[in-house]
Amino acid sequence: MTDADYMDVALELAREAATLDEVPVGAVVVRDGEIVGRGFNQPISRHDPTAHAEVMALRDAAQRLGNYRLPGTTLYVTLEPCAMCIGAIFHARVGRVVFGARDPKTGAAGSVIDLFAEGRLNHHAEVVGGVRAEECGALLSGFFAARRQKTEVA
């Protein structure tokens, strides 16, 4: 499978988040061509500010693999990770991160700040942005447009 194929799986998970009225972000962790972790945004339904898609996928992968370290893995996520998620990615020792849409408000992989480029940190990962960016961005834009419309009608 290609980066675009794995991003398609992350997009499916993002759509699942949207059905729960969560911000539609999805993520998968891949090792040796196999999806070993899946997650989508759930902070509202779980009452957990850390339940971002990336964290949920990392938790799932760590449980399945029996290790909190995930070297040799790639994390695919539909939205550029925030600082919290990049901290989790670093602690898990993820080797590669592939994201879809940029996040101009909280993106910490180059949009607001680039934590992956910070040389003083003890772990770094290869980063690829913009995979399926249009689809990822459209899903988010549509979700927030529908939310605004609900608010205006109410």
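Predicted model: local features only at pLDDT ≥ 70, side-chain atom pairs only at ≥ 80, totals over all residues.
The largest nonpolar core comprises 41 residues, of which V28 and F116 touch the most other members. Two or more residues are given to this core by each of the helices α1 (3-19), α3 (53-65), α4 and α5 (133-153). The strands β1 (26-31), β2 (34-40), β3 (73-79) and β4 likewise give two or more residues each. The greatest share comes from α1, with 7 residues.

Within helix α1, residue A10 was examined individually. The relative accessible area of A10 is 0%, so this residue is classed as buried, the limit being under 20%. With neighbours up to four places away in sequence left aside, the contacts of A10 are G26, A27, V28, Y76 and T78. A10 and F99 are 89 residues apart along the chain, yet their C-alpha atoms are separated by 9.7 Å.

Three aromatic pairs, reported as 3 in a search of the whole structure, were found. In one of them, the ring centres of F90 and F116 lie 5.4 Å apart and the ring planes meet at 85°; because planes over 60 degrees apart count as edge-to-face, the pair is assigned to that class. The two partners are 26 residues apart and link distant parts of the chain. F90 belongs to helix α4 (residues 83-92), whereas F116 is placed in the loop between β4 (96-101) and β5 (126-129). F90 has a relative accessible area of 8% and is buried; F116 is also buried, at 8% relative accessibility.

The surroundings of F116 were then considered beyond its neighbours within four places in sequence. On this basis F116 is in contact with I86, I89, F90, V97, A108, A109, H124, A125 and V127.

The largest pocket has a volume of about 430 Å³. Its lining consists of 17 residues, and those nearest the pocket centre are V23, L79, D103, T106 and F144. By residue class, the lining divides into 9 nonpolar, 3 polar and 5 charged residues.

Two aspartates have positive phi values. D21, found in the loop between α1 and β1, has a phi of about 65° although it is not a glycine. With a relative accessible area of 38%, D21 is partly exposed. D32 is found in the loop between β1 and β2, and its phi, near 50°, is likewise positive in a residue other than glycine. The relative accessible area of D32 is 75%; since this value is over 50%, D32 is classed as exposed.

A further loop position is G130, located between β5 and α5. G130 is partly exposed, with a relative accessible area of 41%. Apart from residues up to four places away in sequence, G130 touches F99 and G100. G130 and G87 are separated by 43 residues in sequence and by 21 Å in space, C-alpha to C-alpha.

Definitions and conventions: Residues numbered from 1 in each chain as written. Heavy atoms only, no water. 1 Å grid on protein atoms, 1.4 Å probe; cavity = no way out; pocket = protein on both sides within 12 Å on 5 of 7 lines; lining within 4 Å. Points joined across faces, edges and corners; volume = space filled by probe spheres on them. Nonpolar A, V, L, I, M, F, W, Y, C, P; charged D, E, K, R; others polar. Phe/Tyr/Trp six-rings, centres within 6.5 Å; stacked < 30°, edge-to-face > 60°. Helix = DSSP H or I, 4+ residues; strand = E, 2+ residues; numbered from the N terminus. Buried < 20%, exposed > 50% of the residue type's maximum accessible area, 1.4 Å probe, protein only. Core = buried A, V, L, I, M, F, W, Y, C linked by side-chain atoms within 4.5 Å. Contact = heavy atoms within 4.5 Å.
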